[in-house]
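Hi everyone, thanks for coming. Please have a look at the screen.

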Amino acid sequence: MNVWGKNIKIRLYGQSHDKKIGVTIQHFPKNFKIDYDAITVDMNRRRPGFNGQIATTRKENDEFVITSGVTNKITNGKDIKMHILNTNIRPGDYQPIFRPGHADWTSFIKHQHVATGGGKFSARLTAPVVFAGSLARQYLKEKYNISITATISSIGTTKNPTAKQIEKIVEAVKKDNDSVGATIKVVAHNVPSGLGSEFFGGIEAKVSSLFFAIPGVKGVEWGDGFALAQTNGSLSNDQIYIDKSKKIYTKTNHMGGILGGISNGMDIVANLCFKPTSSINKPMHSVNYETMQPAILKTNGRHDPCIAVRAPVIVETYLALALLELILEEHE
């Protein structure tokens, strides 16, 4: 399932240690001028090695090459095709042992095969999606003034961490040959009211499916999410007001800008839980899938001690894609 979307459709190709990876984007609006520098900023925020010692040491430039769909930086209505060269692959880092926490085991069950470095299951494939989402982000900002920001809202047991705290926590788990999980809060501002629909067409239902396509995401909550289970309706309800210009609004936003699957004009807010990186340099029990014998795995490859460190831009651009899908369905 490497295809997503209907009104804006993306198709991924390539694997973690292939020579190149890429994406084809269908139905992107015509005659839109692309800011290549803005795409580079987004790609760099996700790029391996870009965050120094608290990210993977795999070095990839992630220079995108657009081969179709754009003329003089303006979309021409044809399919937008883009690829990125993988220049720092090291398939020799991997042993024929199921890596605990990874998709190796389930991939073997499904396909009788384990691809190097996770293959098509790898988070390396988020790079071309970030490219597509960066285009969506630009379009939403210019046409609808929608802006999207994501931040690490917790890491380990530390809530609302500063950049310095994040760095110290990640350095500590890395020194201990371990990893740590985190949550990311994403907020979309100026989203038009009326997007989405009831039940299966609701914003939460549609966008969550894309959020869960981000490798490492194990939970998504909207607004106050699970905290709502610990409160009362008198406190959780966003009471409704009207101003002198007849604009309806709420003073709180416990529901995250969505009611009945439909946007109400308030900020759309979601929180995503990222599991600790599965690849750690500690001995773990597993099975050698060539000999089908017990084995002890100690991962020696290049991995992020906290996958969420490079994930805010992934979450932002994935949400941009989802909102563009909904807007194209509703308004264009």
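Let me start with a word we'll need: angles under 35 degrees count as roughly parallel, over 145 as roughly antiparallel, 65 to 115 as roughly perpendicular, and the rest as oblique. Please also keep in mind that this is a predicted model.

Two packed helices are described by the angle between their axes and the distance between the axes. As for handedness, helix 5 passes helix 7 in a right-handed crossing. On the helix 5 side, the contact is made by Ile203, Lys206, Val207, Leu210 and Phe211. Helix 7 brings Val315, Tyr318, Leu319, Leu321, Ala322, Leu326 and Glu329. Sort the residues of this contact of helix 5 with helix 7 by class, and you get 10 nonpolar, no polar and 2 charged.

Now for another partner of helix 7. How far apart are the axes of helix 3 and helix 7? The answer is 7 Å, for helix 3 at residues 126–144 and helix 7 at residues 312–331, with a packing angle of about 55°. That makes helix 3 oblique to helix 7. Is their crossing left-handed or right-handed? For helix 3 and helix 7 it is left-handed. The residues that meet include Val129, Ala136 and Tyr144 in helix 3, and Ile314, Leu321 and His331 in helix 7. By class, this contact of helix 3 with helix 7 has 15 nonpolar, 5 polar and 2 charged residues.

Helix 1, residues 36–46, packs on helix 7 too, at about 135° with the axes 8 Å apart. Helix 1 and helix 7 are therefore oblique to each other. Here Asp42, Arg45 and Arg46 of helix 1 meet Pro312, Val313, Ile314, Glu316 and Thr317 of helix 7. What classes do we find in the contact of helix 1 with helix 7? There are 3 nonpolar, 1 polar and 4 charged residues.

Let's move on to the empty spaces. Rolling a probe the size of a water molecule over the atoms shows where empty space is left. By class, the lining of the largest cavity divides into 3 nonpolar, 5 polar and 3 charged residues.

Last stop: the second largest pocket, with about 400 Å³ of space. It is lined by 17 residues, and the closest to its centre are Ser153, Ser154, Thr183, Glu221 and Asn271. The elements that give two or more residues to this lining are strand 8 (147–155), strand 10 (182–189), strand 11 (217–222) and strand 16 (268–274). Which strand gives the largest share of the lining of this second largest pocket? That's strand 16, with 4 residues. The lining of the second largest pocket divides into 5 nonpolar, 8 polar and 4 charged residues.

How values were computed:
Residues numbered from 1 in each chain as written. Predicted model: local features only at pLDDT ≥ 70, side-chain atom pairs only at ≥ 80, totals over all residues. Heavy atoms only, no water. Axes fitted to C-alpha atoms, helices over the stretch in contact; angles between N-to-C directions. Left-handed = near helix turned anticlockwise from the far one by under 90°. Contact = heavy atoms within 4.5 Å. Nonpolar A, V, L, I, M, F, W, Y, C, P; charged D, E, K, R; others polar. 1 Å grid on protein atoms, 1.4 Å probe; cavity = no way out; pocket = protein on both sides within 12 Å on 5 of 7 lines; lining within 4 Å. Points joined across faces, edges and corners; volume = space filled by probe spheres on them.
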